[in-house]
Amino acid sequence: MHSFHYVGRQLHCEGCSLESLAAQFGTPLYVYSQSTLEDHFAKLDRAMAPLDHLICFAMKSNSNLAVLRTLAGLGSGFDTVSSGEIRRAIAAGADASKCVFAGVGKTRDEIAYALEAGIYCLNVESEAELKRISAVAVERGQIAPVAVRVNPNVDAKTHAKITTGTYENKFGIAFEEIEKIYARAAKLPNLRLRGLQMHIGSQLTSVEPFRKAVEKVVPLVDRLNRKHGFDFFSIGGGIGIVYKPALESGAAGWWETAEGRKVLTPQRFAETLVPLLKPLGLKILLEPGRYISGNAGVLVTRVEYLKKTGKKHFVIVDAAMNDLIRPAFYDSYHEIVPLTKKAGALVSSDVVGPICESGDYFAKDRPLPKVGEGDYLALLSAGAYGSVMGGNYNTRSLAAEVLVKGDNASIVRKRQAVEDIWRDESVATWQKS
Ligand code: LLP
């Protein structure tokens with residue numbers, strides 16, 4: 001479910017018309033729905049209720065403080081990947097003891113900070129990292145809670161750039177190596193072997209790869225638990241979302257795609273995995289990012305120009321790949337709809353940004369309603385890996401962000417002032433006159 005829908009001809013986020021938000025806050029503008037975030041969290045939480053579990057929202061997907069505050073308020077933990085993310089989560093009101101720290105390249109300073117903050121666990125990606133964590137823990141006179149990330153070598157069958165669970169990837173430690181690594185880790189000082197972690201990929205639209213990976217890894221967790229006394233097993237994130245909804249075609253619901261495929265619901269996910277996980281008797285951690293935030297956000301943009309070339313009809317908008325890089329980077333599909341519904345025939349359009357790169361596009365040859373200069377469009381499903389992957393390419397300011405709750409809208413990141421982009425730069429000492 002999500003809370004972006006037309007009321008009459010106007011696209012709304014909950015009780016707010018997006019057109020009025022665009023007029024008030026300008027564009028490009030990210031708009032998030034608090035109710036959608038809450039609804040997604042609650043659905044997954046309920047589905048997993050038969051297990052002792054903790055949802056650690058993968059904040060890399062959306063780390064706006066207001067989004068984090070919403071989820072922290074529901075009791076969510078956070079999956080973090082840098083000390084910056086841990087600090088940000090704490091700044092948003094997160095409980096550090098519900099945060100895990102992942103990533104293949106943790107520095108000594110980051111490890112020290114994670115220990116100081118008192119996080120739940122460090123998810124370890126190599127033996128060298130185990131040794132480093134042990135050494136930092138000894139220096140600090142602390143015990144470091146750790147879990148090794150197992151690479152189960154199960155193909156998630158998702159986009160090559162977001163699959164992580166096969167031996168082609170840099171992530172985790174090979175399934176066959178894990179027991180030896182734990183045996184050696186048990187001899188390192190100041191480590192508490194708290195659990196095992198896995199994550200096989202992102203945007204999985206079938207439960208099968210999860211089932212395969214869990215079936216393969218559960219016996220390993222069981223053996224390790226008997227030896228080392230675990231608290232938890234983390235099954236990672238990766239639940240996929242609908243990017244191409246069949247809104248107008250008599251589809252059964254939001255979870256059916258334009259191709260008529262049904263995607264992964266929390267119920268289906270839980271029905272399949274809970275029976276496999278229950279016998280372990282451990283706390284189960286989940287690290288969903290996209291499932292919670294993806295369809296809770298849109299990017300609103302204004303049409304600047306229309307341009308016809310020999311073959312193409314270009315719609316040039318004021319958002320660009322620096323605001324939302326997913327189409328350029330992964331060829332990903334984002335539904336594009338006008339904020340004011342239009343009647344009439346669809347026009348095959350290329351929706352492009354103003355950046356000087358051919359890759360700066362949001363859609364190619366997409367049948368879209370005929371729009372004109374000054375019209376607004378929304379790029380849907382932009383709440384995950386949207387704003388967080390934004391940058392300043394072409395000296396473009398980071399977009400503003402708004403959180404909506406019912407009839408209320410609040411600016412939760414103001415548009416970056418252009419001077420702030422180069423505020424920390426200077427000319428070289430010898431160039432100063
Ligand atoms: N846990 C770990 C260890 C991860 O590496 C990730 C995502 C997650 C959890 C959350 O996965 P999710 O539930 O959001 O699928 N920028 C890409 C996605 C990169 C995902 C990286 N890791 C995109 O825009 O599709």
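The centres of domain 1 and domain 2, taken over C-alpha atoms, are separated by 31 Å. Domain 1 covers 34-291 and domain 2 covers 296-421, with bounds that come from an automatic or database domain assignment. Their contact (heavy atoms within 4.5 Å) takes 22 residues from domain 1 and 19 residues from domain 2.

Before we go further, a word on what you are looking at. This is a predicted model, in which local features need pLDDT of at least 70 and side-chain atom pairs count only at pLDDT 80 or more, while totals for chains, interfaces and linings use all residues. Residues are numbered from 1 along each chain as its sequence is written, and side-chain values use heavy atoms, with hydrogens and water left out.

Let's start with area. The size of an interface is often given as the accessible area lost when the parts come together. Here, about 1900 Å² is buried between domain 1 and domain 2, with carbon and sulfur atoms giving 57%; buried area is the accessible area (1.4 Å probe) that two parts lose on being put together, summed over both. In domain 1, the residues that lose the most area to domain 2 are Gln34, Asn64 and Tyr243, together 29% of what that side buries.

Now for the polar side of the contact. Between the domains there are 6 residue pairs in polar contact, both residues being at pLDDT 80 or more. A polar contact is a pair of N or O atoms within 3.5 Å; within protein, one must be able to donate a hydrogen and the other to accept it, and residues adjacent in sequence count only if both atoms are side-chain atoms. On the side of domain 1 that touches domain 2, helix H2 (34-47) and helix H3 (65-73) each supply at least two residues, and H2 gives the most, with 5 residues. Helices (H or I, at least four residues) and strands (E, at least two) are DSSP runs, numbered from the N terminus.

The structure holds 23 salt bridges, each a side-chain nitrogen of Lys or Arg within 4 Å of a carboxyl oxygen of Asp or Glu. Between domain 1 and domain 2 the count is 1. Lys405 forms a salt bridge with Glu38, their closest N and O atoms being 3.1 Å apart. Because Lys405 lies in strand S20 (residues 400-405) and Glu38 in helix H2, this pair ties together parts that are 367 residues apart in sequence.
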